[in-house]
Amino acid sequence: MAATRDRFNQLINGFNQRYEPFVRQHLCKVYMMLGCTSAATATGAFLQMQNLVDLGVIAALSSLLLVLGLHFYRDNGKNYYRRVGMLYSFGFCSGQTLGPLLKYIASIDSSIIVTALLGTIITFVSLSLAALFAERGKFLYLGGVLVSIINTMALLSILNMFFQSLFVQLGQLYIGVLVMAAFVLFDTQNIVEKVRAGSTDVVQHSMDLFFDVLSLFRRLLIILTQKEERKREEECRKRR
């Protein structure tokens with residue numbers, strides 16, 4: 001216990017020495033807002049799965065409008081709480097759109113949802129710590145590379161609508177997980193540098209990380225579900 005406490009204290013002291021007080025305060029706000037947005041997403045998904053609130057297409061359209069609104073409706077010092085409400089609303093609508101997928105997965109094996117959630121949390125926490133304790137700006141070079149990969153994946157998605165290649169589809173899922181994981185590294189260090197440069201838009205920075213977490217969780221869900229479906233198909237073939 002004493003050794004664990006000493007290591008934890010060393011970790012905290014190292015973090016305090018590495019970052020200025022205003023940076024630490026900003027990061028605390030960002031992660032708290034990220035947690036609240038994730039809770040709004042979980043609420044939206046739960047209500048949809050229980051058929052208590054099902055916005056359907058309205059949720060998808062609202063998500064798009066809210067993202068555009070947050071992008072163009074910049075922080076001016078007077079609209080903070082309005083933008084926070086827009087972010088939480090976006091989280092809720094994202095949960096509504098995620099609900100049908102979760103409901104389908106729960107009908108197959110509900111443990112997949114728990115596994116994907118734990119995998120997302122562990123991956124996000126680990127990569128966030130890695131980014132925060134790495135050399136300053138070490139992962140910022142990833143920005144251009146990741147954008148190029150996403151553009152290539154988008155082009156392949158359009159082409160695959162005609163070719164219907166399972167290999168391309170699986171490749172995009174697995175590469176997508178790696179890309180989202182890399183985005184956690186990039187966005188974390190990018191937020192720190194933006195704060196040091198004077199940008200204190202907590203809502204925008206929280207939304208950046210929320211996109212990473214949600215995309216990572218969604219891809220893990222699909223990958224684990226496809227594995228379970230293939231496993232069941234093989235079992236059915238063996239029984240025949």
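This is a predicted model: local features need pLDDT of at least 70, side-chain atom pairs count only at pLDDT 80 or more; totals for chains, interfaces and linings use all residues.

Let's start with asparagine 51: does asparagine 51 count as buried or exposed?

Analyst: Asparagine 51 counts as exposed, because its relative accessibility is 56% and the cut-off for exposed is over 50%. You will find asparagine 51 in the loop between H2 and helix H3 (57-72). Its backbone deserves a look too: asparagine 51 has a positive phi of about 60°, although it is not a glycine. For background, most residues other than glycine have a negative phi.

From that loop, let's move to tyrosine 19, which sits in the loop between helix H1 (2-18) and helix H2 (21-49). Tyrosine 19 is buried, because its relative accessibility is 7% and buried means under 20%. Leaving aside residues up to four places away in sequence, tyrosine 19 touches Arg24, Ala131, Leu132, Phe133, Val192 and Arg196. With one of these, leucine 132, there is a specific contact: the side chain of tyrosine 19 reaches the backbone oxygen of leucine 132 at 2.4 Å. Along the sequence, tyrosine 19 and leucine 132 are 113 residues apart, while their C-alpha atoms are 9.1 Å apart in space.

As a general point, side chains of opposite charge can pair when their charged atoms come close. The whole structure holds four salt bridges. In one of them, arginine 196 pairs with glutamate 20, and the closest N and O atoms are 3.2 Å apart. This pair links distant parts of the chain, with arginine 196 in helix H7 (residues 166-196) and glutamate 20 in the loop between H1 and H2, 176 residues apart. Both partners are partly exposed: arginine 196 has a relative accessibility of 21%, and glutamate 20 has a relative accessible area of 29%.

Glutamate 193 and arginine 136 also meet through their side chains in a salt bridge, at 3.0 Å from N to O. Here glutamate 193 lies in helix H7 and arginine 136 in the loop between helix H5 (111-133) and H6, 57 residues apart. Arginine 136 counts as exposed, at 60% relative accessibility. Together, Glu20, Arg136, Glu193 and Arg196 are linked in a network of salt bridges.

A further salt bridge joins arginine 83 to aspartate 201, with the closest N and O atoms 2.8 Å apart. Arginine 83 is in helix H4 and aspartate 201 is in the loop between H7 and helix H8 (202-239), 118 residues apart. Both are buried: the relative accessible area is 1% for arginine 83 and 10% for aspartate 201.

Helix H4 (residues 80-109) also holds serine 94, which is buried at 4% relative accessibility. Beyond residues up to four places away in sequence, serine 94 touches Thr41, Ser63, Phe210 and Leu214. An unreviewed UniProt entry lists transmembrane regions, including residues 85-106 and 139-160. In the model, residues 85-106 are 100% helix, with end C-alpha atoms 30 Å apart. Residues 139-160 are 86% helix, and their end C-alpha atoms are 31 Å apart.

Our last stop is methionine 161 in helix H6 (residues 142-163), which counts as exposed at 57% relative accessibility. Methionine 161 belongs to a nonpolar surface patch with Leu155, Leu156, Ile158, Leu159, Phe162 and Phe163, with about 800 Å² of accessible area together.

Terms used: Residues are numbered from 1 along each chain as its sequence is written. Side-chain values use heavy atoms; hydrogens and water are left out. Helices (H or I, at least four residues) and strands (E, at least two) are DSSP runs, numbered from the N terminus. Buried means under 20% relative accessible area, exposed over 50%, partly exposed in between (1.4 Å probe, protein chains only). Contact means heavy atoms within 4.5 Å. A polar contact is a pair of N or O atoms within 3.5 Å; within protein, one must be able to donate a hydrogen and the other to accept it, and residues adjacent in sequence count only if both atoms are side-chain atoms. Patches are made of residues with over 30% relative accessible area and no salt bridge: like charges are joined within 9 Å, nonpolar side chains (Val, Leu, Ile, Met, Phe, Trp, Tyr) within 5 Å. Accessible areas come from the Shrake-Rupley method with a 1.4 Å probe; for residues, only the protein chains shown count as cover. UniProt positions are given in the numbering used here, feature names are shortened, and annotations may be inferred rather than shown by experiment.
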